There are 2 protein chains.
Amino acid sequence: MAETPVGFSRSTEDYLKTIYGLESSGGPALTSAIAEVLEVAPPSVSGMIKRLSESGLVEHAPYRGVQLTNAGRRAALRVVRRHRILETYLTSKLGYDWDSVHEEAERLEHAASDDLIERMAMALGNPQYDPHGAPIPTKDGEIEEPETIALVDVAVGEIAELRMVGDRDPDVLRYLGALGLKPGVLFEVVGRQPFRGPITIRVIRSTKKDTDQVIGNELAQLLHCLVTEEEVG
Amino acid sequence: MAETPVGFSRSTEDYLKTIYGLESSGGPALTSAIAEVLEVAPPSVSGMIKRLSESGLVEHAPYRGVQLTNAGRRAALRVVRRHRILETYLTSKLGYDWDSVHEEAERLEHAASDDLIERMAMALGNPQYDPHGAPIPTKDGEIEEPETIALVDVAVGEIAELRMVGDRDPDVLRYLGALGLKPGVLFEVVGRQPFRGPITIRVIRSTKKDTDQVIGNELAQLLHCLVTEEEVG
DNA sequence: GAACGGATTTAGGCTGGCCTAAATTCTAAT
DNA sequence: ATTAGAATTTAGGCCAGCCTAAATCCGTTC
Ligand SMILES: [Mn+2]
Ligand SMILES: [Mn+2]
Ligand SMILES: [Mn+2]
Ligand SMILES: [Mn+2]
C-alpha cells in the first residue's frame, strides 16, 4: 500500500494556508485568529506554532504572532494553488455549484499530487481565477495581488466590477448566486442608507442586467470590487 | 476550515480494503499478511485489529486471523469503489497511464466525497471495470466475482481473453503495456516450457495482433484470464 | 507428550495533534 | 506606577498509529 504523503500533513498545510491568508490581510498572524479560522483551541495553535517554527516554516515572536518564512510561504502557496485549481476543475468539469466546491477542495488539496493538479490546470487552459474570483498562484508561487476594495467602500455613483467573493460560506454563495452576483458582473452603486444600512446597486452587465439589488452592509463587506470609472455627477 | 472527514481514517480504510482483498483470495486474513501488504510491523496490525473489532468492523479469532463483519465489508467496498472509479477517471479523463493511477488513487480514495465519486462515475458512463480490468462495486456494494484463472493455469491450445492484471506494480504494468497486454486482448496459448518455464502466447485480437509473446512464469501468475473456447486439437 | 520455531500478542515507548486548566505576559486604564 | 483583563503560553492528559523487544501461543516434529 505505502501511502506516500504528497506534502506536509493535512494539519500543517491548513495552518500554513491560514497563516498566509491572515498575513495577506496585513501584519503578523495572531494565535487567536488562527485558532478561530481553524476551529481549534488556542493552546493547540501554540503547539503547532512550535513545531512549524522548529521546521523553519514560520518565525515566532512570542506573544505577538507568527510570520511565514520563504519556505513557509512557498508551501502555503502550493496549497492555495491546489485548492483553487481543484475548485475550478470541480466547477467546470464536474458540474459542481460554486457553493459546494470549497469543502471538497479543502480535503482534496492535501491528497492530490502536483502532477494531478497540473493535469487539471492544463485541461482547464491554465485558468487565472477560481470560481469565486480569487487569483490562482502559478506553479512557481507567483500570485497576483488583487487591488480590489469591498463594495461597502465604493462611493455612490461609481461603477464597479464584482471581482471576488469569499468562498467559505455556502449559504452566502447560494444567495449571491440566486441574485446573479458572480465575478464579472458590472454595476453602478445607486444608493446607500446611513447607519451601516444597505447598499443599492444597478446591474449593468450580467445575466440579470438592468435590475436593482439591495445588499446588506455585512454582505457588502464580502464583495470585492474593482472600481472602473466614475459616473459624471 | 473544519475539515470534516469523509469516512473512516485513511489508515482504517486501508486496513479494511486490505482485509477485504485477502479474504477474497480465500479464508481469514492473517496478521502477518496484512502487515506485509500495508508495510507495517505485525504488532501495529494487532493494535489496529483491536480497534477495528471494538468498532464492529471485523471479528477477531485470536491467533487465527480476522474476518470482516457486514459493516466492515460495506465500508471496504466503498473504498474499493472509490479507488477504482478514481483510477478509471484519471486514465480516461486526465491522460494518466495505467501504471501511474494506482498511487494517486491510493491517496484520493480517502479524500473524495461520495458525491464526487458519483459525478465521476456519471461522467464515465458508470463503467464496470477499472483500467486494470478489476470489477467496480456498485454504489450499494454489489461486486461481480470474476471467474478468471491465472495464465499460468491455462492449458496449451486453449484460447483465452486477458481480463485483469494486478495494479500494484508500476514496472510490471509498464512492461505489459509495452507488450500490448491489456484487458480485452484475446490470445492462444501455444507453448509452455517445463520446470516453471515461460509460456508462449499468440495474440489474436489486440493492437499487436498476430505476434507471439513469451511470458515468464511469475508474470503469468499475475495475468487473470477467461478461457473462451478450446482449440480443436 | 515434550520441545522447537514461527506467528501472534503484549508491554512499553514515541510523535502528531488535539483538549482543559493554570500560569504568565502584555496592554491599557486608572 | 498599579492593576485588571485579555491574549498567550505552559503543564498535563488523551487518542490514533506507528515502532521494538519480550512474552505467549500453536502446530509440527521428534
Ligand atoms: Mn475555497
Ligand atoms: Mn484543507
Ligand atoms: Mn489500484
Ligand atoms: Mn489508500
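I looked up Glu161(B) and found it buried, with a relative accessible area of 17% (buried means under 20% relative accessible area, exposed over 50%, partly exposed in between, with a 1.4 Å probe and protein chains only). Its partner in a salt bridge is Arg163(B), with the closest N and O atoms 3.5 Å apart; a salt bridge is a side-chain nitrogen of Lys or Arg within 4 Å of a carboxyl oxygen of Asp or Glu. Arg163(B) is partly exposed at 28%. I also noted that salt bridges with shared partners join Lys17(A), Glu106(A) and Glu109(A) into one network.

For the record, the model is predicted: local features need pLDDT of at least 70 and side-chain atom pairs pLDDT 80 or more, whereas totals for chains, interfaces and linings use all residues. Residues are numbered from 1 along each chain as its sequence is written, chains are lettered from A and ligands numbered from 1 in the order in which they are written, and side-chain values use heavy atoms, without hydrogens and water.

I next turned to Arg10(B) and Asp14(B), whose side chains form a salt bridge of 3.5 Å, N to O. Both residues lie in helix H1 (residues 10-24) of chain B, 4 residues apart, about one turn of the helix; helices are DSSP runs of H or I, at least four residues, numbered from the N terminus. Arg10(B) is partly exposed at 43%, whereas Asp14(B) is buried at 2%.

Asp210(A) is exposed, at 56% relative accessibility.

How many salt bridges does the structure hold over all chains? I recorded 30.

Terms used:
Helices (H or I, at least four residues) and strands (E, at least two) are DSSP runs, numbered from the N terminus.
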